[in-house]
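Here is a short report on side-chain packing and backbone geometry. Have the sequence and the coordinates at hand while reading.

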Amino acid sequence: MEEPNNAGYVALGEASFPTLDKFQKVSVIPLVFLIFYEVSGGPFGVEDSVQAAGPLLALLGFLLFPLIWSIPEALITAEMGTMFPENGGYVVWVSSALGPYWGFQQGWMKWLSGVIDNALYPVLFLDYLKSAIPALEGGIPRIVAVLALTAALTYMNYRGLSIVGWVAILLGVFSLLPFVLMGLVAIPKLEPSRWFVVDFSNVDWGLYLNTLFWNLNYWDSISTLAGEVENPNKTLPKALFYALILVVSAYFFPLLIGTGAVPLDQEMWSDGYFSEIAKILGGVWLRSWIQGASAFSNMGMFVAEMSSDSFQLLGMAERGMLPEIFGKRSRYGTPLTGILFSASGVILLSWLSFQEIVAAENFLYCFGMIMEFIAFVKLRMDYPAAPRPYKIPVGTVGAILICIPPTLLILVVLTLASLKVMAISSVALIIGLIMKPCLDYAEKKRWFRFSKISDLSSIHSV
């Protein structure tokens, strides 16, 4: 049952949570690496862009794609995240603009997309280890290993967001340093003419665009734990800016090295090819380092994504969209129920193939982003005077124009989806549409306890 809300809401951009002061907040540097792992994790997985389109389009893609997708998404996240500096992020934005029903749909789609994405990382981690431990290739040993790895990483999330942030820093340095060394070794062998190879008649546009999209999205994920950030009004925009530079650099320069330092064999450019380039340029030791970095990068992406997913559920519970139990914190300040719920989803979905995971999460993610763009523009139009600690320096027309290129890109990605992916995603969307009325009925019947925290920011206070 919903508790009385006697204290009222505080003004936008000024949410404060005195009960959480005992928990350590996330500062700029850990936040940068959390964003880095929620979006990227390093250049592992970008090899398919070269196979699909050749060196020139791959390099141009990771330079130009951020302009039409990553930068608009990061800017919108900075403005909306500081306007609503609380856990739940984009769920709160959509709920404030379009109402709680559509806010819940946003939360369902983005949470499911994140869990589908997270189901990939334990599997990829074991794929890198199976060459050394053949027993992990299949059967009961692989199942046990997936469960054990998921449990270990889930426990890390349980122990606290500050621990996850510093682990992300260590993993980030370990994952990126071998590419710095590979670049230094490759300088005498670079041939710039190799960067300009392109054959438009043999471009696999579906693989090319999906690779770019998958490697450069999820900038908004960090908003779901804005309530855990130290001074979010300044820290969040700054961290997004630094992370944007880090992500683009971590993609572009390894591609520049790999395509320029070795002769082009386009069919060889698939997952894991960077380790072979490392062997050619630096020897077996550098290949082993990059293989290890790739494996541990999956751990970083897992813990960052689970943090975002679990705090999103906590934020939804604080808004009264989910039962109160999802808002309960452990003694470390982490959302215990949200973590267990997200981990269960990861285990259930880990049987999907890599291609199905990428396509399904892209499809659901696209719908969520369209709702975010609508909420961003609508709040600009309906509440132009609302406090925005960070505001994109454009008016209403400019806000609309910012959203047009990424929206067109979303439509292209949706049309490239297979019928199987469309069918599975449509079923997931229908479940969300039905789930909200069911939860409302459960609240009315008092089957579950729902409550709202009184010191959350509200658009209606303006």
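The model is predicted.

**Core**

The largest nonpolar core holds 140 residues. Which of its members touch the most other members? They are Leu31, Ile35, Trp69, Met182 and Trp219.

Trp219 can be followed residue by residue. Leaving out residues up to four places away in sequence, its contacts include Ile35, Val39, Ala74, Leu240, Ala243, Leu244 and Val247. Ser70, Glu73, Thr77 and Tyr365 are also among the residues that Trp219 touches.

**Aromatic pairs**

The count of aromatic pairs comes to 25. Two of them are set out here.

| Pair | Centre to centre | Angle between planes | Class |
|---|---|---|---|
| Trp69 and Phe373 | 6.3 Å | 75° | edge-to-face |
| Trp269 and Tyr273 | 5.0 Å | 65° | edge-to-face |

Trp69 and Phe373 link distant parts of the chain. Trp69 sits in helix H2 (residues 47-83), and Phe373 in helix H13 (residues 354-382). The two are 304 residues apart. Both Trp69 and Phe373 are buried.

Why does the pair of Trp269 and Tyr273 count as edge-to-face? Its planes stand at 65°, and the class requires an angle over 60 degrees. Trp269 has 1% relative accessibility, so it counts as buried. Tyr273 is buried too, with a relative accessible area of 8%. The cut-off for buried is under 20%.

Ring pairs also build a cluster: Phe44, Phe179, Trp269, Tyr273 and Phe274.

**Charge over a ring**

Which residue lies over the face of Tyr90? Lys110 does, at 4.1 Å from the ring centre.

**Positive phi**

Two residues other than glycine have a positive phi. For Asn231, phi is near 50°. Asn231 is placed in the loop between helix H8 (205-215) and helix H9 (232-261).

For Arg446, phi is near 65°. Arg446 lies in the segment after helix H15 (419-444). Its relative accessible area is 60%, so Arg446 counts as exposed. The cut-off for exposed is over 50%.

Conventions. Residues are numbered from 1 along each chain as its sequence is written. This is a predicted model: local features need pLDDT of at least 70, side-chain atom pairs count only at pLDDT 80 or more; totals for chains, interfaces and linings use all residues. Side-chain values use heavy atoms; hydrogens and water are left out. A nonpolar core is a set of buried Ala, Val, Leu, Ile, Met, Phe, Trp, Tyr and Cys residues joined through side-chain atoms within 4.5 Å. Buried means under 20% relative accessible area, exposed over 50%, partly exposed in between (1.4 Å probe, protein chains only). Contact means heavy atoms within 4.5 Å. Helices (H or I, at least four residues) and strands (E, at least two) are DSSP runs, numbered from the N terminus. Rings of Phe, Tyr and Trp (its six-membered ring) pair if their centres lie within 6.5 Å; planes under 30 degrees apart count as stacked, over 60 as edge-to-face and the rest as tilted. A charge sits over a ring if NZ of Lys or CZ of Arg is within 6 Å of the ring centre and within 35 degrees of the ring normal.
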